[in-house]
Amino acid sequence: IRPHFLYNTLYAIKQLCKMNEVEDAGIMVSALAAFFRISVSKGEEIITVKDEISHVENYLIIQHMRYKDKLEYSIDVSEDLYSYSVVKLMLQPIVENAIYHGINNKRGIGTINIKGYIIDEELIFEIRDDGIGIEPGKIDEITNLLQSKERNTDSLGMGLFNVHERIRLMFGQGYGIKIESTFQLGTTVYIRIPAIKHLK
């Protein structure tokens with residue numbers, strides 16, 4: 001989680017208070033508190049889908065309030081999936097990439113859509129944005145780096161690589177992240193893990 005996210009959020013809350021926008025400031029404080037509560041999760045690496053969705057939703061609430069004229073989002077994950085297990089902090093870094101590298105660089109409002117579903121005993125998440133997309137040469141480079149064991153995070157980005165590696169360490173080399181992108185139209189990141197019910 002970028003330190004700038006915390007600093008910028010606290011500054012935004014301060015500005016809302018100065019403008020007497022008490023209700024919005026309260027919403028932002030509550031979202032920030034819930035965001036960090038799940039980030040800590042008592043040191044657990046595996047959490048429920050319900051907690052992971054709550055975590056990324058609180059992140060999006062904060063970002064939407066900061067970028068009201070720039071960002072829209074939707075989350076389509078059935079409550080039937082809430083009791084399954086996921087790697088903690090799996091979705092937020094992908095959404096963060098979508099905002100800072102996709103949405104921020106396009107004109108007008110950008111949209112992020114998160115979907116979750118099960119196919120053939122695998123849990124799939126799609127994080128789709130309609131930002132500027134990734135150039136063809138760059139998407140090939142990212143795909144190759146994800147498949148390699150070299151930690152070239154300068155080219156790939158620490159968050160994306162970190163999520164991919166933690167998934168593979170937890171569930172095996174056959175799982176992880178896949179990226180599809182059309183330059184100037186948007187990017188979709190697929191996260192694939194086994195569908196396992198949470199034990200706790």
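Trainee: Among contacts between residues at least 6 apart in sequence, what share joins residues at least 24 apart?
Mentor: First, this is a predicted model: local features need pLDDT of at least 70, side-chain atom pairs count only at pLDDT 80 or more, and totals for chains, interfaces and linings use all residues. Residues are numbered from 1 along each chain as its sequence is written, and side-chain values use heavy atoms, with hydrogens and water left out. Contact means heavy atoms within 4.5 Å. Of the contacts you ask about, the share joining residues at least 24 apart is 69%.

Trainee: In what order do the elements run from the N terminus?
Mentor: Helices (H or I, at least four residues) and strands (E, at least two) are DSSP runs, numbered from the N terminus. The chain has 7 helices and 7 strands. Their order is α-α-β-α-β-β-α-β-β-α-α-α-β-β.

Trainee: Why is the chain called as compact as a globular protein of its length?
Mentor: The radius of gyration is taken over C-alpha atoms, and the globule rule is 2.2 Å times the number of residues to the power 0.38. For 200 residues the rule gives 16 Å. The chain is close to that, so it counts as compact, with a radius of gyration of 17 Å.

Trainee: What percentage of the 200 residues is buried?
Mentor: Buried means under 20% relative accessible area, exposed over 50%, and partly exposed in between (1.4 Å probe, protein chains only). By that cut-off, the buried part of the chain is 45%.

Trainee: How many residues of helix H4 are buried?
Mentor: Helix H4 spans residues 92-103 and is mostly covered. Its buried residues include Val95, Ala98 and Ile99. Ile112 touches those three, among others. The buried count in H4 is 10 of 12.

Trainee: Is Ile13 buried or exposed?
Mentor: Ile13 is found in helix H1 (residues 3-18). Leaving out residues up to four places away in sequence, Ile13 touches Ala25, Met28, Val29 and Leu32. Its relative accessible area is 10%, so Ile13 is buried.

Trainee: What is the relative accessible area of Gly133?
Mentor: Gly133 lies in the loop between strand E5 (122-129) and helix H5 (136-147). Leaving out residues up to four places away in sequence, Gly133 touches Ser181, Thr182, Phe183, Gln184, Gly186 and Thr187. Gly133 is buried, and its relative accessible area is 14%.

Trainee: Is Asp120 buried or exposed?
Mentor: Asp120 lies in the loop between strand E4 (110-119) and E5. Its relative accessible area is 71%, so Asp120 is exposed.
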